[in-house]
Amino acid sequence: MTKRISLTRYLVEQQRVDGHIPAQLRLLLEVVARACKSISQAVNKGDLGGVLGVATTENVQGEMQKQLDIIANEVLIEANEWGGHLAAMASEEMEGIYVVPNRYPQGEYLLLFDPLDGSSNIDVNVSIGTIFSVLKMPEDDRGVDEGDFLQPGHRQVAAGYCVYGPQTTLVLTVGDGVAMFTLDREQGSFVLTRENVQIPPDTQEFAINMSNMRHWDEPVKRYVDECLAGKEGPRGKDFNMRWVASMVADVHRILTRGGVFLYPWDKREPDKPGKLRLMYEANPMGWLIEQAGGAATNGRERILDIQPAKLHERVSVILGSKNEVERATRYHTGL
Ligand code: AHG
Ligand code: MN
Ligand code: MN
């Protein structure tokens with residue numbers, strides 16, 4: 001029987017053997033994993049738990065919140081506020097930052113999350129997930145404010161997601177490659193099932209919401225048209241298409257077998273750079289993809305180099321197999 005390595009053991013070894021992560025970060029990641037387990041249980045109950053359907057509230061994004069968006073947000077706040085490893089949290093579901101209350105010790109990390117990604121899929125039993133990103137508080141010792149979160153993605157110290165699908169799988173990087181942990185429901189623990197994940201540099205599978213085609217910019221139209229032209233076209237090979245409409249599920253497929261994912265700017269809301277949010281969707285997913293040998297750009301520059309101006313700012317996203325992302329980016333920059 002192959003040796004089972006739990007998430008706890010993997011993190012202890014990343015701390016002790018590789019000196020990669022300090023104890024406080026290890027503790028934080030253990031707590032986030034436990035929160036994801038609780039969210040997975042709530043998601044799995046579905047109608048039996050009375051958690052499906054919309055809440056009566058709208059979030060800062062102007063989107064109707066689903067009950068599970070709110071439940072997942074509360075689970076992450078309650079699990080992480082008392083441990084002493086965080087100074088504050090930021091969430092897709094909260095307008096402002098959540099500073100750790102004075103009754104708890106403050107730590108040196110900042111946790112950002114999309115508590116439930118793919119909300120449009122909750123009620124139709126399609127994979128959804130939680131995305132998280134960890135930054136360090138800037139050195140100076142004044143109190144924490146929103147500006148402390150506005151760091152480019154290359155400053156992340158940990159990033160990951162938990163996908164609630166046929167399996168519940170936690171995918172994580174602390175800057176030493178990408179590891180995947182599958183939840184063993186009988187033991188209630190995450191078990192290492194893949195490490196040093198590598199994305200093939202080429203692919204024949206693209207992911208984009210084709211219903212937006214008439215709104216795309218020329219470079220995206222050219223890239224997708226060439227994929228659709230297949231063997232007879234300039235690419236000389238046929239392509240397959242997937243679109244789950246849960247970024248976690250599309251990214252998990254790409255980490256598992258390669259592919260390219262695009263959610264570009266389009267003419268529907270020209271003043272918005274894209275639909276996806278930089279701080280808690282594009283940055284964590286971009287770092288995971290890069291750690292697995294892929295690439296992630298906004299069509300012009302590396303996602304992880306973007307200097308954020310606002311907590312909930314949006315960004316155009318092209319990520320996945322390196323050679324495809326570089327091609328699609330070249331079509332934008334003309335280089
Ligand atoms: P969220 O549910 O957190 O708002 O995220 C949904 C995002 C992302 O997961 C997915 O790739 C994209 O929205 C799908 O958008 P469309 O429904 O426009 O295809
Ligand atoms: Mn999302
Ligand atoms: Mn969400």
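Predicted model: local features only at pLDDT ≥ 70, side-chain atom pairs only at ≥ 80, totals over all residues.
View 1. Helices are DSSP runs of H or I with at least four residues, and strands (E) have at least two.

**View 2. Side by side: the residues where H2 meets H3.** From H2 come Leu28, Val31, Val32, Ala35, Ser38, Ile39, Ala42 and Val43; H3 brings Leu68, Ala72, Val75, Leu76, Ala79 and Asn80. Contact means heavy atoms within 4.5 Å. The tally is 12 nonpolar, two polar and no charged.

**View 3. The manganese ion (ligand 3) and its protein donors.** Glu92 (OE), Asp114 (OD) and Leu116 (O) lie 2.1 to 2.2 Å from this ion. Donors are N, O and S atoms within 2.8 Å of the metal (3.2 Å for Na, K and Ca), and water is not among the atoms, so sites may look incomplete. Aspartate 114 also bridges to the manganese ion (ligand 2), with the two ions 3.7 Å apart. Glutamate 92 is buried at 3% relative accessible area, and aspartate 114 is buried at 0% (buried is under 20%, 1.4 Å probe, protein chains only).

Residues are numbered from 1 along each chain as its sequence is written, and ligands from 1 in the order in which they are written, with chains lettered from A. Local features need pLDDT of at least 70, side-chain atom pairs count only at pLDDT 80 or more, totals for chains, interfaces and linings use all residues, and side-chain values use heavy atoms, leaving out hydrogens and water.

Terms used. Buried < 20%, exposed > 50% of the residue type's maximum accessible area, 1.4 Å probe, protein only. Nonpolar A, V, L, I, M, F, W, Y, C, P; charged D, E, K, R; others polar.
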